[in-house]
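Please keep the sequence and the structure at hand while reading.

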Amino acid sequence: MRAWRVHENGEPGEVMRLEETGRPTPGEGQVLLAVRAANINFPDALLCRGQYQVRPPLPFTPGVEICAETEDGRRVIATPALPHGGFAEYAVADAAALLPAPQSLDDAEAAALHIGYQTGWFGLHRRARIEAGETLLVHAAAGGVGSAAVQLGKAAGATVIGVVGGPAKAAVARELGCDVVVDRRGEDVVAAVKEATGGRGADVIYDPVGGEAYAQSAKVVAFEGRIVVVGFAGGTVPSPALNHALVKNYSILGLHWGLYTTRNPQLVRHCHDQLTELAARGAIKPLVSERVPLDGAAHAVQRVADGVTTGRIAVVPGPEKGAAA
């Protein structure tokens with residue numbers, strides 16, 4: 001089979017190599033999967049750089065989110081078991097963690113439903129307990145993680161403010177359903193959010209960026225607001241001033257979605273059921289901006305690492321299966 005492999009850590013475009021290799025052998029409790037589509041996530045770039053919290057042995061195949069087919073023909077969503085990731089024709093995954101791919105989504109969309117949408121659902125519903133009528137602020141609203149949070153916020157009945165970088169991403173955020181879009185490159189984010197909320201601020205803030213985005217969040221969070229810390233795509237891990245959280249009476253909530261897969265897997269399945277139902281009635285639909293062949297994976301991962309993409313890019317090794325009619 002063909003698979004992208006990383007033999008040394010570095011930038012994805014430099015260290016990912018497309019090779020002919022043997023199909024991976026499933027371990028105990030694992031299954032072999034034929035990859036239908038692999039969604040590119042920022043952690044794939046971190047894996048290549050050796051900066052992710054999980055460091056698989058070299059060489060490894062990145063790709064942490066796939067829609068695949070089992071040997072008995074079932075169409076499933078899975079998180080591959082590294083080092084046999086999804087940027088390949090075949091991958092392996094834990095059999096107990098397989099989820100049915102929603103019939104309403106094609107392969108690329110189904111692959112993109114998993115990590116970003118699960119993270120959004122857990123962040124907004126489990127951690128922040130968002131309520132209809134509240135205001136949600138989403139940083140990087142046109143990206144893969146942010147776009148999922150925007151759609152889930154709208155589905156929950158929130159007013160959504162999206163922060164983006166540049167006119168093209170602003171247009172995407174509007175198409176996603178943001179009620180207010182703030183272009184951080186041309187606008188003062190703090191002033192714009194305060195104006196949009198009548199000075200009150202945002203009840204829930206979803207932050208996958210960190211750095212300056214977090215500093216802005218602390219300035220615009222409402223009384224009894226909640227800042228959900230999802231990641232640090234901006235490259236800087238902030239050091240929050242806890243005295244500020246005390247004085248303004250807001251909460252800082254960490255979210256590591258992967259912990260739920262081991263600590264509360266039943267809740268992960270419940271979340272998937274909720275997402276499947278939302279997708280079936282059209283309330284959410286993953287924004288797949290590009291579908292690239294397996295040959296184009298390294299360049300696509302590098303573009304995600306560089307922050308120049310919108311929505312999700314899916315790597316499609318072979319013929320894609322469409323959504324059910």
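T309 lies in the loop that runs between α12 (297-305) and β15 (312-316). The model is predicted. With a relative accessibility of 11%, T309 counts as buried, because buried means under 20% relative accessible area. Leaving aside residues up to four places away in sequence, T309 touches K169, R303 and V304.

Helix α7 spans residues 189-196, and its buried residues are V189, V190, A192 and V193. They lie on the same side of α7, because they cover an arc of only 165° around the axis. An α-helix has 3.6 residues a turn, so residues three or four places apart point the same way. The elements that cover the buried residues of α7 include those in the table.

| Element covering α7 | Residues |
|---|---|
| β8 | 135-139 |
| β9 | 159-164 |
| β10 | 180-183 |
| α8 | 212-220 |

The next contact is between two helices. How do the axes of α4 and α5 cross, and at roughly what angle? The axes of α4 (residues 115-127) and α5 (residues 144-155) come within 8 Å and cross at roughly 50°. That angle makes α4 oblique to α5, and the crossing in which α4 passes α5 is right-handed. On the α4 side, the residues that meet α5 are G116, Y117, G120, W121 and L124; their partners in α5 are A148, A149, Q151, L152 and G153. Of the residues in this contact, six are nonpolar, four are polar and none is charged.

Conventions: Residues are numbered from 1 along each chain as its sequence is written. This is a predicted model: local features need pLDDT of at least 70, side-chain atom pairs count only at pLDDT 80 or more; totals for chains, interfaces and linings use all residues. Side-chain values use heavy atoms; hydrogens and water are left out. Axes are lines fitted to C-alpha atoms, for helices over the stretch in contact, and angles run from 0 to 180 degrees between N-to-C directions. Helices (H or I, at least four residues) and strands (E, at least two) are DSSP runs, numbered from the N terminus. Angles under 35 degrees count as roughly parallel, over 145 as roughly antiparallel, 65 to 115 as roughly perpendicular and the rest as oblique. A crossing is left-handed if the near helix is turned anticlockwise from the far one by less than a right angle, and right-handed if clockwise. Contact means heavy atoms within 4.5 Å. Ala, Val, Leu, Ile, Met, Phe, Trp, Tyr, Cys and Pro count as nonpolar, Asp, Glu, Lys and Arg as charged, and the others, Gly among them, as polar. Buried means under 20% relative accessible area, exposed over 50%, partly exposed in between (1.4 Å probe, protein chains only). The arc is that of the directions from the helix axis to the C-beta atoms.
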